[in-house]
Amino acid sequence: PSPVAFDCVPELEQPDDPFGPGRAEAQLAALLHALLETPVPIAATRVRVPTFAGLGVSLDVELAKPVEIDLVRAALIEAPGVELWDPGAPGPSTRDAATRSQVLVGRLRRDPTSAAGALLWLAADPVRLAATNAVRLAEARLELH
């Protein structure tokens, strides 16, 4: 109903339950459950921040048990489709993610509010990721690889 340029706006829709998640937040939870193949508790607030390219996400992960952040970093380095950003560099920004087929991960650090928590910043090009995944699915389906 109003311009969002140069502004941050929490979820714009009015859910049926004003105390529950919005449609996009519920979809995010469903997507994570499908990707991880297990129900995972999630608390999300969708905020629209207009950018010229890409998508940025601040993520707080609660692990099953306390783990050294270096082990989380090592796991992310090995994860397919993930590019771990240099910890000494600023970013990654949403512009850095534009035209890349990986999810860029930066600002990885321990969550000071949880013994088993980790904080991450993600930047991605959702259009590129969707196209890359579509091609991979088609190749796998048609056994072209």
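You are looking at a predicted model, in which local features need pLDDT of at least 70 and side-chain atom pairs count only at pLDDT 80 or more, while totals for chains, interfaces and linings use all residues. Residues are numbered from 1 along each chain as its sequence is written, and side-chain values use heavy atoms, with hydrogens and water left out.

Next, select β3 together with residues 117–124, which are β6; the two pair in the antiparallel sense over eight bridges. Strands here are DSSP E runs of at least two residues, helices are H or I runs of at least four, and both are numbered from the N terminus. Two strands count as paired if DSSP finds at least two bridges between them.

Now widen the view to the open sheet of four strands, ordered β3-β6-β5-β4 with mixed pairing. At its edges sit β3 (55–62) and β4 (82–84), each pairing on one side only. From one strand to the next, the twist averages 30°.

Then bring in helix α2, residues 69–78, which packs on the sheet and touches β4, β5 (103–110) and β6; its direction makes about 170° with that of β5. Contact means heavy atoms within 4.5 Å, and angles, from 0 to 180 degrees, are taken between N-to-C directions of axes fitted to C-alpha atoms, for helices over the stretch in contact.

Finally, select L104 and its bridge partner in β6, A123. β5 and β6 pair in the antiparallel sense over five bridges and form a hairpin with six residues between them.
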